[in-house]
Amino acid sequence: MNELKDFYDSARDFIADGFELYDYDDKERHFPKELDDPEFLSRLIPFAQANGSGSMYAIWRSSDETDLALLPVVAFGDEGGEHVVARDFQDFLRLLGYDAEIMVDHDSAYYFREEDDGHSGSHEEFVEWLRKRGLAPAEDPDAVVAAAQEVHGERFRAWITRRRG
């Protein structure tokens, strides 16, 4: 996360469509009011805007794992819906490399980009940054999301449903 922040701060333009880093773990303005339970909030670390309409990304403390990079990343839709989108932070970085806004609704989360859509201004530099870390942009973001859902989806759904009471 710190390396991403350093790269993000030095980038001349957006590294991925709709993506903007927030202040780390700023819970004041990012969660729906019905999700203001302190125990709930202790298990989530918001860190970025996910798209231009206000959806957001957070790390879900699904376990007592101390290495945050090993924990799943979830997306909260600006009009509802919440979904696990990456098994860990490396998968999340690969999704960013696809360079498309995430669409989040009550039933799904997915990335969509038209074939003729241009890339964000610092996309090429970000792809190079990924490659230096042994990563490549996701060619099929739906497969990355599906893998995250397979590993963490049911448990996340059960956890967040309990929070909504």
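Biologist: How many residues apart in helix 1 are aspartate 9 and lysine 5?

Modeller: Helices (H or I, at least four residues) and strands (E, at least two) are DSSP runs, numbered from the N terminus. In this predicted model, aspartate 9 and lysine 5 are 4 residues apart in helix 1, so about one helical turn separates them. Local features here require pLDDT of at least 70 and side-chain atom pairs 80 or more, while totals for chains, interfaces and linings use all residues. Residues are numbered from 1 along each chain as its sequence is written, and side-chain values use heavy atoms, without hydrogens and water.

Biologist: In what kind of contact do the side chains of aspartate 9 and lysine 5 meet?

Modeller: The contact is a salt bridge, namely a side-chain nitrogen of Lys or Arg within 4 Å of a carboxyl oxygen of Asp or Glu. For aspartate 9 and lysine 5, the N to O distance is 2.9 Å. Lysine 5 counts as partly exposed at 36% relative accessibility (buried is under 20% relative accessible area, exposed over 50%, partly exposed in between, with a 1.4 Å probe and protein chains only).

Biologist: How many salt bridges does a search of the whole structure find?

Modeller: The search finds 7. One of them joins arginine 43 and aspartate 64, at 3.8 Å from N to O. Arginine 43 lies in the loop between helix 2 (38-42) and strand 2, and aspartate 64 in the loop between strand 3 (56-60) and strand 4, so this pair ties together parts that are 21 residues apart in sequence. Aspartate 64 is exposed, at 70% relative accessibility, whereas arginine 43 is partly exposed, at 21%.

Biologist: Which residue forms a salt bridge with glutamate 82?

Modeller: Arginine 157 does, its closest N and O atoms to glutamate 82 being 3.1 Å apart. Since arginine 157 belongs to helix 5 (residues 141-164) and glutamate 82 to strand 5 (residues 82-86), the bridge ties together parts that are 75 residues apart in sequence. Arginine 157 is partly exposed, with a relative accessible area of 32%, and glutamate 82 is buried, with 7%.

Biologist: How many aromatic pairs does the structure hold?

Modeller: Rings of Phe, Tyr and Trp (its six-membered ring) pair if their centres lie within 6.5 Å; planes under 30 degrees apart are stacked, over 60 edge-to-face, and the rest tilted. The structure holds 14 such pairs. In one of them, the rings of phenylalanine 7 and phenylalanine 126 have centres 5.8 Å apart and planes at 40 degrees, so the pair is tilted. This pair links distant parts of the chain, with phenylalanine 7 in helix 1 (residues 2-10) and phenylalanine 126 in helix 4, 119 residues apart. Both phenylalanine 7 and phenylalanine 126 are buried.

Biologist: Which geometry do phenylalanine 47 and phenylalanine 92 have as an aromatic pair?

Modeller: Their pair is edge-to-face, with 5.3 Å from centre to centre and 90 degrees between the planes. Phenylalanine 47 in strand 2 (residues 44-49) and phenylalanine 92 in helix 3 (residues 89-98) are 45 residues apart, and the pair links distant parts of the chain. Phenylalanine 47 and phenylalanine 92 are buried. One aromatic cluster is formed by Tyr8, Phe19, Phe47, Tyr57, Phe89 and Phe92.
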